[in-house]
Amino acid sequence: MSTIRDIAAATGVSIASVSRILNQDPTYKATDATRKKVIDAAKEMNYIISGQRKQKQPPELRIGCIYRLTPERQTDSYFASILRGVQSYLEKHGHSLSFIHSQFDIADEQSLESAFQTPCDGLLIMDIPSEKALAYILSKVKHIVGIDTQNNRIDTVRYNRFEAGVTAMQYLIDNGHKKIAYIGSKLPQANNLNFGRYEAYIRMMQIHNLPTRPEWSVDCEWKQQTCFNKTLELLRAPDVPTAIFTGSDHMAIACTSALHQMHLSIPQDISVIGISDIEGAKYHNPPLTTVAIPQVQIGEIAAKTLLSRINGNDTVTKQIFVSTRLVVRESVRNLNA
């Protein structure tokens, strides 16, 4: 490899002058001709000019993820899409996930301690563990970002569940539905301040003076088999709704499966709407009308937020909400037509 001494000998310029020119010293005054002669000689002699030298690579970061499985301990395509966004963003910026644990992997104290024996630079959490477990994780990991979670102690990237529920309900009501059931997550306990999809259902029914019945509010605990069974129960009730608002597309798929088993046509006999717009929603029978959540983008934003924290961003804790949008397909009938 050529040296500054070689370039000086070839150009007749002093070693000191060559050094200052190649290192782009702003205080050194040289004629354009001299500067060009030195730089051209450096290129011809394959000298690596300052600023083009290979920079020292930063140490590899250890970044982990607490991934969310379904209650049946199966992969959820919604969270799989979010994870894909995380991994894509990290790879573009020269990083990768060092480990992925599910919420079940850290359910007991021994497993939790084992998971965080090795120091961790940053952690993404898709499922908030118990208060005790979260306190332990916070004591071990400085930088944590929640994904589709709700906790004011850490940065969180999510969508507004209440707003998404209002969008779904408004579409059903605009299409003339008055008898609407809800199938979704655990229904709130007394004094619960978590306003989500169920609260949107209740509020929209109240605002539009629509009747509500206890049997129309179905808690399926996010289990597809439970959703399937309780949909069958709902259909055997004396007063069957004309539409069902499901808290997620996965529950909507279980719900429509039960409707097909009862030989009911969707949407002619009963309409169904979901939330999330998972990859299979548009291929369902019929294609599912839903409120789309930008899953991959949530993962990308979460990864970007985490890297920013690791790199020194110490601003106030953030709650980042992504926008949702209605996707109209074929599972909702217009009763006004």
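Strands, as the term is used in these legends, are DSSP runs of E with at least two residues, numbered from the N terminus. The structure shown is a predicted model.

Figure 1. Strand 9 spans residues 271–276 and contains S276. With a relative accessibility of 4%, S276 counts as buried, because that class takes in residues under 20%. The contacts of S276, leaving aside residues up to four places away in sequence, are Y78, D249, T290, V291, A292, I293 and Q295. Among these partners, T290, V291 and A292 fall within strand 10, which covers residues 289–292.

**Figure 2. Strand 10 and its two pairing partners.** Strand 9 and strand 10 run parallel and are joined by four bridges. On the other pairing, strand 10 meets strand 12 (residues 325–327) in the antiparallel sense, over three bridges. V291 takes part in both pairings: I275 stands opposite V291, and L326 of strand 12 is a bridge partner of V291. Both faces of strand 10 are covered, with T289 and V291 buried on one side and T290 and A292 buried on the other.

**Figure 3. The largest nonpolar core.** This core comprises 66 residues, and those with the most contacts inside it are L124, M169, I180, Y201 and F245. Helix 4 (residues 77–92) gives the most to the core, contributing seven residues.

**Figure 4. Contacts of I180.** Residues up to four places away in sequence again being left aside, I180 touches M169, L172, I173, Y201, M205, W216, P241, A243 and F245. Of these neighbours, M169, Y201 and F245 are, like I180 itself, listed among the residues with the most contacts inside the largest core.

**Figure 5. The whole protein, for orientation of the close-up views.** The protein has 11 helices and 12 strands. Its C-alpha atoms fill a box of roughly 100 × 50 × 35 Å along the principal axes. The radius of gyration is 29 Å, whereas a compact globule of 337 residues would have one near 20 Å. Of the contacts with a separation of 6 or more, 69% are between residues 24 or more positions apart. The accessible surface comes to about 17,600 Å², and carbon and sulfur atoms account for 49% of that area.

Conventions
Residues are numbered from 1 along each chain as its sequence is written. This is a predicted model: local features need pLDDT of at least 70, side-chain atom pairs count only at pLDDT 80 or more; totals for chains, interfaces and linings use all residues. Side-chain values use heavy atoms; hydrogens and water are left out. Buried means under 20% relative accessible area, exposed over 50%, partly exposed in between (1.4 Å probe, protein chains only). Contact means heavy atoms within 4.5 Å. Two strands pair if DSSP finds at least two bridges between them. A nonpolar core is a set of buried Ala, Val, Leu, Ile, Met, Phe, Trp, Tyr and Cys residues joined through side-chain atoms within 4.5 Å. The radius of gyration is taken over C-alpha atoms; the globule rule is 2.2 Å times the number of residues to the power 0.38. Accessible areas come from the Shrake-Rupley method with a 1.4 Å probe; for residues, only the protein chains shown count as cover.
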